[in-house]
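Have the sequence and the model open, and try each task before you read its solution.

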Amino acid sequence: MRQENLKNNRDILLETRNLSVEFPMKKKFFFEKQKMLSAVSDVSIQIRKGETFGLVGESGCGKSTFANATLGFAKPRSGEIYFNGQPLYAEKKSVQEARLHMQKIFQDPASSLNPRFTVREAVCEPMRIRGGFDKNEVERKAREMITAVGLTGKDLDRYTSQFSGGQQQRIAIARALILNPEYIVCDEPVSALDVSVHAQILNLLMEMQEKTQTTYLFISHNLAAVKKLCSRLAIMYLGKVVEYGDAAKIFANPVHPYTKALLSAVLTVNPNEETKRIVLKGDVTSPINPPSGCRFCSRCYQAQKDCADRECVLTEVEPEHFVACPVVTGLKADIEQ
Amino acid sequence: MQNAIEVKNLKVVFPDRGRMIRAVEGVDLTVKKGECLALVGESGCGKSMTSLSCMKLQPSLAAVRLDQLCICGEDVTDYTDRQMQALRGSKISMIFQDALTALNPVMTIGKQMDEIYRCHEKISKKEAKMRSIKALKAVGIPDAELRYHAFPHELSGGMRQRVLIAMAFACEPEVIIADEPTTALDVTIQAQILELLSKMQKEKQTALLLITHDLSVVRSMADRIAVMYSGKIVEEAPAKELLENPLHPYTKGLMAAVARLDDDKKEFVQIPGHLPDPADKPAGCYFHPRCPYAATACKKAMPLLTQNEQGRKVRCYEAGKFKE
């Protein structure tokens, strides 16, 4: 039944249903109860074809684990992932098949590229692994790709370690796009780079998307960048999605206290603007055996007594805009009445 | 008024694969007492090398030449390493970017903190422990007594940065150099750490040399800003004036490059091109290949850092002439 539904819904590329990923913790004693680190818990989102879907949250909130699960790198404990309407983890083969259409751009290009590879070797590696291309075709495509990302054919013979961070990230993008994947995970592609280079790389990503119609899952903790790039987004906190929906609506009307805090943490350069920064107290709570209710309650400035036990479900506050906070959504309902 | 750091004509050169890299080319810097000076620039522009040279901590291969270096009024130009060692920690100290590599991974943070007190002051172990715990509490670490026995890897990134700040402020130095203190952190933690740093600085009246590549970090903290490009300072001004009216095209570009929430343009504003190869810098103004306002004069000779009528220092022929 569900499968049929999905087949009809052609514009959804990737869908997760109640996805949870857990990692077992190392035991200190043999008889100790096994502790589980819940990295992603109960996440249901849809990524549409050709869009840029933003995933925002602090480090350790499970956004990279979620991305890895959609790439078939982290086996979910429960829940399902559908890629192009096909369940991703049904068989071993289905993961491998789906991966032909997936790529990833990593955070730090200096460590994701082999310094002993020339640019040609790095860019052509995906084609070599896939196989079935003749030599001239590989060379032609490599040249085409490397000029598309703003380097020149001459650079193909230089080593990847000879380039600056921004240029290395361009090489990484060329390498990810060379096989025309349908789905690319951009895992904080600019946070290891200088602010002055951010714009170049983000513009390049947008330009390449226009050309190839690829779908991006864009992971970031910088909301200002996400605002321009993404059509829809999900904000994650400690493995759970706290706000989800249309990007424009979330930015126009942030509802969850955590989203508000994140938005206020974006720094500006305008000297006359007053900062009303919401500084959250404390660090991210440990994801080992998290509370059953709201996971943000220990840092929340709007928390009420029973927040730790109250169940948080994504509720629709307006069309295409979902928030998981009973306090805020409940309050809203009262006002409307 | 006495200056906390005064550097005159600092030059740093080091060899790299058979080429000479001119990392810093004649930088003059003064940090007044109790003031926060921000040194802003892209990676590879020589800002970290400048800060390390101020503490005489430059890598052994690098050759440093300078006319004068004063720390808290003391002329340390010809100090030996041992003489400098007495100053580091007590008069001048440093906060590094990556707390995990700056802290010793096989020593508890308490032990590392005690070391500072025991080195610079003749106090007992017990007293050192007491003061360490007090310092940890001052930077807002909960359960400081328990954390005292923790190893660096047991703390989160924000906590480790707090420990580094506590260590830098331990002996109440007069100057602190903070080299990208928040770059490795998340946005919400970054807000916490910046708030803590400016609170501590105001309380203790410490001079701060803040090094960063992000102008938005600087806005709320710095009294003065110096912008560095390819080994030279291109603009220096009080923070508010510089951000309200940047005179150098590079400063302008850096400001535009910060992604903003209230910006409705479809694309990100970018500075074209990239930093020149430090072993092969262009003739004339180093910025001219990337500069939208470059004139013929810019390609011939490097402009000087001149002061205009309003007392603003800028290194550009066309400074202030161009408009939006």
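A salt bridge is a side-chain nitrogen of Lys or Arg within 4 Å of a carboxyl oxygen of Asp or Glu. This is a predicted model, in which local features need pLDDT of at least 70, side-chain atom pairs count only at pLDDT 80 or more, and totals for chains, interfaces and linings use all residues. Residues are numbered from 1 along each chain as its sequence is written, and side-chain values use heavy atoms, with hydrogens and water left out.

**Exercise 1.** Find how many salt bridges cross the interface of chain A and chain B.

Solution. Applying the rule across the interface of chain A and chain B gives zero salt bridges. Next, turn to polar contacts (pairs of N or O atoms within 3.5 Å; within protein, one able to donate a hydrogen and the other to accept it, with residues adjacent in sequence counting only if both atoms are side-chain atoms). Seven residue pairs, both at pLDDT 80 or more, are in polar contact between the two chains.

**Exercise 2.** Work out how much area chain A and chain B bury between them.

Solution. Start with the term: buried area is the accessible area (1.4 Å probe) that two parts lose on being put together, summed over both. For chain A and chain B this is about 3900 Å², 54% of it on carbon and sulfur atoms. Then look at chain A: Val195(A), Lys228(A) and Val269(A) supply 19% of the area it buries against chain B, more than any other three residues.

**Exercise 3.** Count the residues that each chain brings to the contact (heavy atoms within 4.5 Å).

Solution. Chain A brings 42 residues and chain B brings 45 residues.

Methods. Chains lettered and ligands numbered in written order.
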